[in-house]
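Me: I would like to learn how to read the features of this model one at a time. Please give the general idea, then the case here.

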Amino acid sequence: MIGISLPSAILNGSGSFESAHRALLSAYNNDPAQMLGSLRARGVESVEFGVRDRDADPAAAARAARCCADTGLQVTIHGELRGDESPECFFHPYEALQGQASYIITLHGLADMNTTAAALKTLAAYADAHMPRFYFALENNRRRPGGGACQSCAQVAQALKAVDHPRVNACWDFGHFYSNVRNSFESPSPPEDFLARAVHTHIHGLTDGKTHFPLNGDNLPLERYCALLAARGYRGIYNLELDFRRFYPQIEPRTALEESISLLKEVCV
Ligand SMILES: [Zn+2]
């Protein structure tokens, strides 16, 4: 199944629009429903949006999810782990979400391994008791100074081992991983214990060393990475994660999105 990440402001009609996001929406006549319908017709079946503001009215995430559901799209969420808050506070923006049997929330690790594992354990136990439709995917990051405890896939696998909870698995960010491989920080394939735990993906191209660019057939080993997952029975979403702000106005957001979807469709099922 193919998914795409979109700014939540476009979906729920609130918050500030950056110029790149305005350009994306205006290419679909400033009509979010038309945009989603057009993307659905191109084979997109899932949308990921960010929920990071803990004080946000739970109605905002629910509105974004409904906007997707009205077009026959399911949703996943990009959340944020903080480690210094109660699970009640973490889950507050999700309280009004309904319509799906399960939701995957992708999270980045914290600064160190122990606090990352402890925070995830707390959230997983709370979800078991109170929010059973929510599952977590811990994402591998691009290596950078101060980049936290989960910069490599091996580190994510180590954190998952420490958490040891079936509700907490991995998001393989292809673009971050490829950047690390190019910088000789990781070997060309992720470790087996990471691949076995992958339940979600983030897919984007690496152009001039910068991640979250559109796919161009040459800036990510897309076919090989998808094959690694398929060989292990992966049934999750192949989620395109572009950051339109990084390449607008050099590349038109709508063109970037639609051409990347076409490339993804050739490879993923
Ligand atoms: Zn990502």
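Me: How many bridges join strand β6 to β7, and do they run parallel or antiparallel?

Reply: Two points on the source come before the count. This is a predicted model, in which local features need pLDDT of at least 70 and side-chain atom pairs count only at pLDDT 80 or more, while totals for chains, interfaces and linings use all residues. Residues are numbered from 1 along each chain as its sequence is written. Strands of a sheet pair through backbone hydrogen bonds, either parallel or antiparallel. Two strands pair here if DSSP finds at least two bridges between them. Strand β6 (residues 168-173) and β7 are joined by 4 bridges and run parallel. Within this pair, aspartate 173 stands opposite histidine 202 in β7.

Me: Is β7 enclosed or open to the outside?

Reply: Burial is read from neighbour counts: a residue is buried if 20 or more other C-beta atoms lie within 10 Å of its own, exposed if 12 or fewer, and partly exposed in between, with C-beta atoms placed from the backbone. In strand β7 (residues 198-202), 4 of the 5 residues are buried, so the strand is largely enclosed by the rest of the structure.

Me: In what order do the strands of the sheet stand?

Reply: Helices (H or I, at least four residues) and strands (E, at least two) are DSSP runs, numbered from the N terminus. The open sheet has 8 strands, ordered β7-β6-β5-β4-β3-β2-β1-β10, and its pairing is parallel. The edges are β7 and β10 (238-240), each with a single partner strand, so one side of each lacks a neighbour in the sheet. From one strand to the next the twist averages 30 degrees. Elsewhere in that order, 2 bridges join β3 to strand β4 (residues 103-108), again in parallel. Histidine 78 has threonine 106 in β4 as its bridge partner.

Me: Which strands does helix α8 lie across?

Reply: For such angles, axes are lines fitted to C-alpha atoms, for helices over the stretch in contact, and angles run from 0 to 180 degrees between N-to-C directions. Two residues are in contact if their C-beta atoms, placed from the backbone, lie within 7 Å. Helix α8 (residues 174-182) lies across β6 and β7, at about 65 degrees to β6.

Me: Which residues of α4 are buried, and what covers them?

Reply: Helix α4 (residues 58-69) has 12 residues and reaches 17 Å from its first C-alpha to its last, close to the 16 Å expected. Its buried residues are Ala60, Ala61, Ala64, Ala65, Cys67 and Cys68. They cover an arc of only 155 degrees around the axis, taken from the directions from the helix axis to the C-beta atoms, which puts them on the same side of α4. Their cover includes α1 (8-12), α3 (32-41), β2 (44-50) and β3 (74-78).

Me: Where does alanine 56 lie, and what does it touch?

Reply: Alanine 56 is in the loop between β2 and α4. It has 17 C-beta neighbours inside 10 Å, so it counts as partly exposed. Leaving out residues up to four places away in sequence, alanine 56 touches Val51 and Pro93.

Me: Is proline 93 buried or exposed?

Reply: Proline 93, in the loop between α5 (87-91) and β4, counts as buried, with 22 C-beta neighbours inside 10 Å. Beyond four places in sequence, the residues that proline 93 touches include Asp53, Arg54 and Ala61.

Me: Which backbone angles deserve a look?

Reply: One is omega, about 10 degrees at the cis peptide bond that joins tyrosine 248 and proline 249. Proline 249 lies in the loop between α11 (244-247) and α12 (253-267). Asparagine 29 has a positive phi of about 60 degrees although it is not a glycine, and is exposed, with 9 other C-beta atoms within 10 Å. Aspartate 164 also has a positive phi, near 50 degrees, and lies in the loop between α7 (153-163) and β6.

Key. The expected span of a helix is 1.5 Å times one less than its number of residues.
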